[in-house]
Amino acid sequence: EYREFLIGQMEKGNNGLSKNKYLTFGIEADNPRSAKARLERLELDILNNFKTLGVKAVSLNGAVRLRVLHDALHLGEVVPFRFSWKDLPRNGMSTKDYIAPSSFEFNRDGRTFRMGQKFGAASCISLIAAEISDRMLADLLEIEHNMIVSMHMQSIDQVTAIKMIKRTVSDVGKMKLDEQKKAVRAGYDPDILPPDLATYSEESLNLLKDLQSRNERMFQLTFTIVNVADTPRALDNMIFQLSNLIQGNNCGIFRLDFQQEQGLTSALPLGLNRIEIQRGLTTSSAGILIPFTTQELFQTGKEALYYG
């Protein structure tokens, strides 16, 4: 009876769904040999940083990465993953044959696609809010649907970021000067500026100050979501619920028209971003979107159950 109670509590807690979080990192190098050495050093730094945060993280080997891609390409389906490196020379298959679904179909309407027996849609979140709440990602991950949430963060060199913001400050200053000249010619107070221009001027100066004196870094962020459902109607309902949640956080979400294939590729844990829709964020703003803050404990096996 106690065992049945534990199973019931676990099913209520996550509705039978499991959440997996992966961090994919990559670099650019001249050859695979130098890339491997740099990636190994980077991997060690990332694992040490997670350890400092109190988060358990492990690196994945090739077979486990293939399983992750297999599960992402078979969302909501029970398809066993049987793979062995020894079988590749014998059967002449590649690793793609083990993870790919039965078919892909990217529709002519450019807004949906089919992956095996499932219907899917790739969307992009527009972070237009001045301040992003740390609850947005938590609420997003609590939606009880099959979906892939991916964030691509590209760091910008500090010198390049400062030069870019300084150019923006100069452009805004030129616009202010032009408005003041118009005001003098029209015969009214030149200190009266359009509200948007005054806001841009203040925000750009604050951003420059953060980069120069508060040790902040600049990042380019692309936020993609892929939803998968059994029917087109269920898919539309899922995206409608997602849209309400995003709009409640003063952000926007839009379907990737005629970029569904690129959106699916960007959502997979490959470290490839095929969507050229980016927003600049500072370190403190990007840190709000990092989900590695809590840890759920599970003990699997027939001998014992743990819930908590």
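Modeller: With a definition: two residues are in contact when heavy atoms of theirs lie within 4.5 Å. Leaving aside neighbours within four places in sequence, Gly76 is in contact with Lys118 and Asn146. Before going on, note that this is a predicted model, in which local features need pLDDT of at least 70 and side-chain atom pairs count only at pLDDT 80 or more, while totals for chains, interfaces and linings use all residues. Residues are numbered from 1 along each chain as its sequence is written, and side-chain values use heavy atoms, with hydrogens and water left out.

Biologist: How many helices and strands are there in the protein chain?

Modeller: Helices (H or I, at least four residues) and strands (E, at least two) are DSSP runs, numbered from the N terminus. The protein chain has 11 helices and seven strands. Its C-alpha atoms fill a box of roughly 80 × 50 × 45 Å along the principal axes. Of contacts with a separation of 6 or more, 70% are between residues 24 or more positions apart.

Biologist: Is Ser123 buried or exposed?

Modeller: Buried means under 20% relative accessible area, exposed over 50%, and partly exposed in between, with a 1.4 Å probe and protein chains only. Ser123 has 2% relative accessibility, so Ser123 counts as buried. Ser123 is in strand β3, residues 118-126, and beyond four places in sequence it touches several residues, including Phe223, Ile253 and Leu256. Of the 308 residues of the chain, 30% count as buried.

Biologist: And where is Gly76?

Modeller: Gly76 is in the loop between α3 and α4 (87-91). With 45% relative accessibility, Gly76 counts as partly exposed. Gly76 and Glu144 are 68 residues apart in sequence and 12 Å apart in space, C-alpha to C-alpha.

Biologist: Which residues are buried in helix α3?

Modeller: In α3 (residues 62-72), they are Leu66, Val68, Leu69, His70 and Ala72. These buried residues pack against α5 (95-99), β2 (113-115) and β4 (147-156). At the start of α3, a side-chain oxygen of Asn61 reaches to within 3.3 Å of the backbone nitrogen of Ala63.

Biologist: How do I read a pair of helices?

Modeller: Take the axes, which are lines fitted to C-alpha atoms, for helices over the stretch in contact; angles run from 0 to 180 degrees between N-to-C directions. Angles under 35 degrees count as roughly parallel, over 145 as roughly antiparallel, 65 to 115 as roughly perpendicular and the rest as oblique. The axes of α7 (residues 158-186) and α8 (residues 195-213) come within 9 Å and cross at roughly 155 degrees. Therefore α7 is roughly antiparallel to α8. Among the residues that meet are Ile162, Ile165 and Val169 in α7, and Leu197, Leu208 and Leu211 in α8.

Biologist: What is there to say about phi?

Modeller: Most residues other than glycine have a negative phi. Asn250 has a phi near 60 degrees, a positive value in a residue other than glycine. Asn250 is in the loop between α9 (232-248) and β6 (252-255), and is exposed at a relative accessible area of 58%.

Biologist: Which value does phi take in Phe258?

Modeller: Phe258 has a positive phi of about 55 degrees, although not a glycine. Phe258 is in the loop between β6 and α10 (260-267) and counts as exposed, at 62% relative accessibility.

Technical notes:
A polar contact is a pair of N or O atoms within 3.5 Å; within protein, one must be able to donate a hydrogen and the other to accept it, and residues adjacent in sequence count only if both atoms are side-chain atoms.
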